[in-house]
Amino acid sequence: MEQNNGSSFTGFILLGFSDRPQLEFILFVVLVILYIFTVLGNTTIITLSYLDPNLHTPMYFFLSNLSFLDLCYTTSSVPQFLYNLSGPDKSISYAGCVAQLFIFIGLGCTECILLGVMAFDRYVAVCRPLQYTVIMHSRLCALMASASWFSGFTNSLVQTVLIFHLPVCGRNKIDNFLCEIPALVKIACIDTSSTDSEIFFASVIIVLIPFLLIIFSYGQIVRAILRIKSAAGKRKAFGTCGSHFIVVSLFYGTAIYAYLQPSNSYSQDKGKFTSLLYGIFIPMMNPVIYTLRNKDVKGAMTKTLQKVHLLMCV
């Protein structure tokens, strides 16, 4: 972002929740606890997916990708937020703001696409069970995961360049706890209608299209489940897809609210709490959701803990 005379900023002020000083200490404590759980939870899933041969399947390959993504997602914003909450210094350097926006948006876009890929995997598992291993072979899984990461960060690069070419005419106070698109657009000193349209169009492609594909996939999955005669088979099929559906509902619900609403109706306060939800709380909830609802993950965890216990007793 540039001033109207062409000179560049050296940094920004992240206002965050400075207008609610009584909330800052509580947020700091809660965020430290949540961040520790996020790191432990996602690291556990990645480790189990690597160590347990029973989890060497496409479903857990994508799940470990999602866990690594969530780990990076929270790390891109939480440490800076904790630093700003811990004292009077609310600043972030210009380069730091650019990097944070690029990484945060890149990971968010990647998660949108990756959740769509995971829905396709569940569709094949439930609707084409006899062809599952043939369709979801390792090369295709690696290709789809790579395409998700590449598409997410390509879109992020375009949006980051677009945002930081907006002039701000000396304004450097961002009314959020991180460098995020809606808050950055608000400090621009020109008419941002065209920029808003471009961001909305990109958001429709990255957020809405994968979401519609997920809805279609789950429509087919539900039809297939209803044709299953045994109650045990239905429970198994629902269990296979239940965790993913919960994660999709949480993530897409907040993402659509944040990016697919008119800019003139955007509320900074609501935007901050929405960012907290999909940037911090939901990534922390993902490993909990997948662990508590998944017998394979719980079984792998039990076996790993037993092996660790035996090694410690030797």
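**The big picture**

Keep in mind that this is a predicted model. The mean pLDDT of the chain is 83, and 89% of its residues reach 70 or more.

What is the chain built from? Its secondary structure comes to 11 helices and three strands. If you walk along from the N terminus, the elements run β-α-α-α-β-α-α-α-β-α-α-α-α-α.

The chain has 314 residues, and 46% of them count as buried. Now look at contacts with a separation of 6 or more: 80% of these are made by residues 24 or more positions apart.

**The cysteines**

How many disulfides does the model have? The count comes to one. Cys 97 and Cys 179 form a disulfide, with their sulfur atoms 2.0 Å apart. The torsion about the S-S bond is about -125°, so this disulfide is left-handed. The pair ties together distant parts of the chain, 82 residues apart. Cys 97 sits in helix α4 (residues 94–127), whereas Cys 179 lies in the loop between β3 (173–174) and α7 (181–186).

Then there is Cys 112, which is in no disulfide. The nearest cysteine sulfur belongs to Cys 109 and is 6.2 Å away.

| Residue | Relative accessibility | Class |
|---|---|---|
| Cys 97 | 0% | buried |
| Cys 179 | 0% | buried |
| Cys 112 | 3% | buried |
| Cys 127 | 18% | buried |

**A nonpolar patch**

Now for the surface. Which residues form a nonpolar patch there? They are Phe 25, Ile 26, Val 29, Val 30, Ile 33 and Phe 37, and together they have about 570 Å² of accessible area. Take Ile 26, one of the patch residues: you'll find Ile 26 in helix α1 (residues 21–51). Its relative accessible area is 48%, so Ile 26 counts as partly exposed. The cut-off for exposed is over 50%.

Methods: Residues are numbered from 1 along each chain as its sequence is written. This is a predicted model: local features need pLDDT of at least 70, side-chain atom pairs count only at pLDDT 80 or more; totals for chains, interfaces and linings use all residues. Side-chain values use heavy atoms; hydrogens and water are left out. Patches are made of residues with over 30% relative accessible area and no salt bridge: like charges are joined within 9 Å, nonpolar side chains (Val, Leu, Ile, Met, Phe, Trp, Tyr) within 5 Å. Accessible areas come from the Shrake-Rupley method with a 1.4 Å probe; for residues, only the protein chains shown count as cover. A salt bridge is a side-chain nitrogen of Lys or Arg within 4 Å of a carboxyl oxygen of Asp or Glu. Helices (H or I, at least four residues) and strands (E, at least two) are DSSP runs, numbered from the N terminus. Buried means under 20% relative accessible area, exposed over 50%, partly exposed in between (1.4 Å probe, protein chains only). A disulfide is a pair of cysteine sulfur atoms within 2.5 Å. pLDDT is the predictor's confidence in each residue, from 0 to 100. Contact means heavy atoms within 4.5 Å.
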